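My notebook is open, and I want to look up a few spots one by one. Here is what I'm working from.

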Amino acid sequence: MAMASSLFFSTPIPPKLISKQKPFSYQSSNPLLPQLAHKPLRSLVVSSAAAIEAETETSSSNSTPLKSLPFRVGHGFDLHRLEPGYPLIIGGINIPHDRGCEAHSDGDVLLHCVVDAILGALGLPDIGQIFPDTDPKWKGAPSSVFMEEAVRLMHEAGYELGNLDATLILQRPKVSPHKESIRANLCKLLGADPSVVNLKAKTHEKVDSLGENRSIAAHTVVLLMKK
């Protein structure tokens with residue numbers, strides 16, 4: 001999966017600097033983090049996570065939490081290179097094709113995209129920070145694991161899915177024969193009614209790597225509603 005690296009998660013923090021460290025801006029300004037800071041985020045298995053969490057808890061206890069928003073919007077994007085010898089997994093469904101996504105996990109471009117959209121709506125780090133591709137335990141992992149964690153975080157923050165709109169971009173194969181299976185599995189993973197989950201598929205008119213069947217991409221927009 002196309003993952004972003006994070007210096008503050010990958011670089012150990014010297015103990016003498018931790019007490020002087022100011023909280024990161026996204027942690028101090030996000031109304032959700034004071035609610036989540038004291039709860040374990042089991043997927044953040046990184047060297048400096050404990051120090052950062054301790055600093056966040058201290059800062060949160062000394063500040064007044066901001067009012068929660070009635071709704072939140074998130075956008076997700078992902079792209080993977082297509083190579084022979086790999087399965088093509090889209091939305092948890094194995095799609096017959098002569099090539100598949102080269103990635104650290106199962107390379108499910110749609111589920112990765114949905115996870116990033118949910119995390120973005122919650123103001124949390126992206127999928128590459130929470131499930132780093134440098135961690136061997138995610139090697140070949142099914143992306144349903146990432147979805148389950150994103151949905152858990154969504155409910156833990158007091159939100160539920162309002163609606164989701166996703167667009168797949170690929171030249172081949174045709175998605176239409178598999179669209180309903182993909183959408184049904186996506187609804188199952190989200191615990192959502194099919195009426196609030198929409199899936200579209202587009203070609204790239206034979207332009208660049210997407211149009212030349214060398215890659216696959218997806219965009220997702222989610223609306224989260226306060227429970």
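Before I start, I need one cut-off: buried means under 20% relative accessible area, exposed means over 50%, and partly exposed is in between. I also remind myself that this is a predicted model.

**Entry one: D193.** I looked for D193 and found it in the loop between α9 (179-190) and β6 (197-202). Its relative accessibility is 47%, so D193 counts as partly exposed. What does the side chain of D193 make a polar contact with? I get the side chain of S195, at 2.6 Å. I also checked N163: it sits 30 residues from D193 in sequence, yet the two are 9.2 Å apart in space, C-alpha to C-alpha.

**Entry two: D106.** This one is in the loop between β4 (100-101) and α6. Is D106 buried or exposed? At 19% relative accessibility, D106 counts as buried, because the cut-off for that is under 20%. I found its side chain in a polar contact with the side chain of S143, at 2.5 Å. The D106 side chain also reaches the backbone nitrogen of D108, at 3.2 Å.

Next I looked at helix α6 (residues 109-122) and helix α8 (residues 144-156), which pack at an angle of about 20° with their axes 9 Å apart. Angles under 35 degrees count as roughly parallel, so that is what I call α6 and α8. Their crossing is left-handed. Among the residues making the contact, I noted L111, V115 and I118 of α6, and F146, M147 and L153 of α8.

Definitions and conventions
Residues numbered from 1 in each chain as written. Predicted model: local features only at pLDDT ≥ 70, side-chain atom pairs only at ≥ 80, totals over all residues. Heavy atoms only, no water. Axes fitted to C-alpha atoms, helices over the stretch in contact; angles between N-to-C directions. Helix = DSSP H or I, 4+ residues; strand = E, 2+ residues; numbered from the N terminus. Parallel < 35°, antiparallel > 145°, perpendicular 65-115°, else oblique. Left-handed = near helix turned anticlockwise from the far one by under 90°. Contact = heavy atoms within 4.5 Å. Buried < 20%, exposed > 50% of the residue type's maximum accessible area, 1.4 Å probe, protein only. Polar contact = N/O pair within 3.5 Å; in protein donor to acceptor, adjacent residues only side chain to side chain.
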